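Hi everyone, thanks for coming. Let's have a look at the structure on the screen and walk through a few spots in it.

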Amino acid sequence: MSVRTSRRARRGVLRAAHASRPPGRQHRPTKRGRWHPLTTARRTWHSQPLRSRLALITTGLLTFGLLIASLTFTSLLETHLIRQVDDQLRATGQEVGTQGIRLMDSGSVSSMPSTYFVAVRYADGRSGLLISDETASKYGSPSTDDLGLDDPDTDHSGSSMVTVDSDKIGSDWRVVTLSFVDENTGEELGVVAVGLPLKDVAETVEVTRFVVALTDVTVILVGAMAATYLVRRALRPLRQIEGVAGRIASGDLSARVPLTEPATTEVGSLQRALNTMLQRNEQAFEVQVVAQERMTRFVSDASHELRTPLSAIRGYGELYRMGGVPAERTDEVMARIESESSRMGRLVEDLLQLARMDEGRKMVMAPVDLTAVAAGALTDMMVLAPERDCSLLALDPQAAAQGAEPGPVTVVGDKDRLSQVLTNLLGNVVRHTPEGSPVEVAVGTVPARESSIEGTTALTAVVEVRDHGPGVPIAEAEKVFERFYRADTSRNRETGGSGLGLAIVAAIVGRHGGVVRMLPTPGGGATVRIEIPTAAAGAPSPS
């Protein structure tokens with residue numbers, strides 16, 4: 001209750017204060033976005049192109065520098081000319097003053113023959129001014145009221161100079177005051193002021209200022225044009241980069257920045273860095289496109305491969321549920337369901353293994369003897385296909401002709417995965433070659449120069465699985481290692497598997513730093529050649 005009362009009281013006080021304000025002074029809300037010259041200038045400045053701002057900055061600095069230099073030069077010139085007048089007065093002031101006093105004493109006050117003027121103030125109160133008529137008409141007569149000739153505290157030693165006005169506008173005089181004494185008695189007789197006109201000095205300074213100003217304007221205009229040209233020329237590589245960026249934005253990923261500057265300059269380094277980045281981006285985009293296409297095809301093929309056994313299992317299950325399976329065929333139906341389930345399980349396992357390879361999952365790396373692995377795989381095959389002639393040969397043709405068995409060939413790898421490679425290859429031989437056709441596995445090493453692996457510096461281990469079936473056409477030799485690729489496009493279960501066996505082989509060999517190729521077998525058939533760096537070659541450890 002107290003809170004409500006306090007709020008009402010505050011509102012009442014505010015209304016009363018608002019009503020008590022005189023007309024014309026009521027509270028007005030502040031308008032946002034009100035025009036301000038500084039804000040407008042700042043926005044206008046930042047809206048200009050960089051080349052215009054740089055040209056304006058250069059011109060402004062040039063103007064400021066010339067202005068300071070011109071003011072300094074003309075000020076020094078004026079000071080120097082006035083100092084020359086002062087030196088002249090110090091050197092000739094005493095002599096001119098003495099001559100003027102003599103002329104004044106003789107009564108010839110109008111016969112002052114030079115541009116000097118002499119003003120005398122005697123101790124007894126007499127005074128006089130000597131100046132020629134020509135000088136007075138040209139420079140005017142100086143005012144002696146501010147010279148302090150009657151002031152005893154004024155310095156009349158001739159060490160200080162003063163500037164006085166004249167009765168003619170723009171014509172000042174430089175004056176020195178001196179005291180004069182009687183040569184016989186040494187008594188001070190009065191004070192004499194000697195002056196020279198500064199009009200010539202002022203005219204010289206004004207002419208110099210005009211010439212300097214005209215020169216400054218010319219230099220500023222020429223400098224502004226030169227700055228505009230040079231800035232545009234210097235920023236030409238940036239405009240080229242801008243154009244390339246526009247082309248890339250429109251979809252031309254092959255656009256590159258022209259290399260117009262040396263690599264040691266900032267612009268040259270930027271050009272090369274941008275080209276490197278653009279090349280990598282283009283390659284990454286191409287890889288992404290290929291990966292996307294491969295993934296789309298992979299999903300489509302995987303869906304097809306999984307749908308076939310699932311459809312068979314579902315069909316047999318529905319047929320059995322509806323009572324359409326005779327009792328004598330129950331075992332056959334169950335066997336078919338079990339067969340399709342096993343095939344689907346193998347397909348899922350293959351897909352999972354490829355997914356693990358793509359993820360880069362670590363493998364157990366240790367020294368592995370490929371000869372022993374090949375011998376074990378052939379032993380398993382002889383059990384599964386006893387009608388085939390299986391033999392383990394040396395890779396060297398001469399040693400193989402003499403019946404020599406291959407020696408140990410050691411690589412650093414995962415033994416289980418390498419065994420799977422040979423198992424998959426021998427399984428392909430069983431599926432794709434006629435029954436009873438022989439199969440050979442050759443194991444050995446070749447020098448690095450004869451290997452397809454780049455960067456090796458020692459021996460390369462080679463395993464060749466040779467069959468004598470129909471072989472693989474040259475046009476399909478590189479495609480057989482793609483996922484779900486099969487030469488039999490009808491996907492007949494009797495003529496081929498899911499198309500993942502050789503893809504798994506390529507993935508495992510690639511994780512071991514090796515390469516795999518499909519070659520023709522002399523005399524007919526296909527040979528799968530696997531090359532893996534030996535342990536001495538320093539095979540790279542998979543990540």
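So, by class, how many nonpolar, polar and charged residues does the lining of the largest cavity have? Hold that thought while I say what we're looking at. This is a predicted model, where local features need pLDDT of at least 70, side-chain atom pairs count only at pLDDT 80 or more, and totals for chains, interfaces and linings use all residues. Residues are numbered from 1 along each chain as its sequence is written, and side-chain values use heavy atoms, with hydrogens and water left out.

Okay, cavities. Rolling a probe the size of a water molecule over the atoms shows where empty space is left. Here, a cavity is a set of points, on a 1 Å grid over the protein atoms alone, where a 1.4 Å probe fits but cannot get out, and lining residues have an atom within 4 Å of a point. Grid points are joined across faces, edges and corners, and a volume is the space filled by probe spheres set on the points. Searching the whole structure turns up 2 cavities of 30 Å³ or more, and the largest cavity has a volume of about 60 Å³.

Now back to my question: the lining of the largest cavity has 8 nonpolar, no polar and no charged residues. Nonpolar here takes in Ala, Val, Leu, Ile, Met, Phe, Trp, Tyr, Cys and Pro, charged is Asp, Glu, Lys and Arg, and the others, Gly among them, are polar. The lining is L370, V373, L418, V421, L422, V463, I530 and I532. At least two lining residues come from each of α9 (370-384), α11 (415-432) and β12 (526-533), and α11 gives the most, with 3 residues. Those names are DSSP runs numbered from the N terminus: helices are H or I with at least four residues, strands are E with at least two.

Next stop, A461, in strand β10 (residues 460-467). A461 has a relative accessible area of 1%, so it is buried; buried means under 20%, exposed over 50%, and partly exposed in between, with a 1.4 Å probe and protein chains only. Skipping neighbours within four places in sequence, A461 is in contact (heavy atoms within 4.5 Å) with residues including L370, I530 and I532.

What about the rings? We count 2 aromatic pairs. Rings of Phe, Tyr and Trp (its six-membered ring) pair if their centres lie within 6.5 Å, with planes under 30 degrees apart called stacked, over 60 edge-to-face and the rest tilted. F117 and W173 have ring centres 5.2 Å apart and planes at 85°, so that pair is edge-to-face. It links distant parts of the chain, F117 in strand β1 (residues 117-122) and W173 in strand β4, 56 residues apart. Y139 and W173 are edge-to-face too, at 6.3 Å centre to centre and 80° between the planes.

Is R174 buried or exposed? At 15% relative accessibility, R174 counts as buried. Its side chain has a polar contact of 2.7 Å with the side chain of D86, and another with the side chain of T163, at 2.7 Å. A polar contact is a pair of N or O atoms within 3.5 Å; within protein, one must be able to donate a hydrogen and the other to accept it, and residues adjacent in sequence count only if both atoms are side-chain atoms.

Last one: helix α12 (residues 501-511) has 9 of its 11 residues buried, so it is largely enclosed by the rest of the structure. R511 is one of those buried residues.

Conventions
1 Å grid on protein atoms, 1.4 Å probe; cavity = no way out; pocket = protein on both sides within 12 Å on 5 of 7 lines; lining within 4 Å.
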